[in-house]
Amino acid sequence: MAPHDVAGLQVALYRFGHYKGPIDGIAGPVTNKAVVAFQRERKLTADGKAGKQTRVALGRYGRPRFGVRTLRRGKVGFDVSVLQFL
């Protein structure tokens, strides 16, 4: 994942109470631990990778990918988090 995608993931995991670290775009051990915890909670394969099933489980915070839609005031989602990070 690109650093800006990692930041979007960190924000999504924070929203679900699993990520407590800084939103820094670094896919380190704190981010990995949060992904695994989220996956276990949602009964997904706990592999630490934010694949399709994990992103679907994140709901509106796991989609859409950055650059797919036009953003407007009041929108939320993965792409909004990435834009804020950038």
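Analyst: Asp 79 is buried, at 1% relative accessibility, where buried means under 20% relative accessible area, exposed over 50% and partly exposed in between (1.4 Å probe, protein chains only). This is a predicted model, in which local features need pLDDT of at least 70 and side-chain atom pairs count only at pLDDT 80 or more, while totals for chains, interfaces and linings use all residues. Residues are numbered from 1 along each chain as its sequence is written, and side-chain values use heavy atoms, with hydrogens and water left out.

The partner of Asp 79 in a salt bridge is Arg 69, with 2.6 Å between the closest N and O atoms. A salt bridge here is a side-chain nitrogen of Lys or Arg within 4 Å of a carboxyl oxygen of Asp or Glu. Asp 79 belongs to helix 4 and Arg 69 to the loop between helix 3 and helix 4, so the pair ties together parts that are 10 residues apart in sequence. Helices (H or I, at least four residues) and strands (E, at least two) are DSSP runs, numbered from the N terminus. Arg 69 is partly exposed, at 28% relative accessible area.

The structure holds 3 salt bridges. Another joins Asp 5 and Arg 65, whose closest N and O atoms are 3.2 Å apart. This pair links distant parts of the chain, 60 residues apart: Asp 5 sits in helix 1 (residues 3-15), and Arg 65 in the loop between helix 3 (52-57) and helix 4 (78-85). Asp 5 is buried at 10%, whereas Arg 65 is partly exposed at 38%.

Glu 41 and Arg 42 also form a salt bridge, at 3.4 Å from N to O. Arg 42 is partly exposed, with a relative accessible area of 36%, and Glu 41 is partly exposed at 41%.
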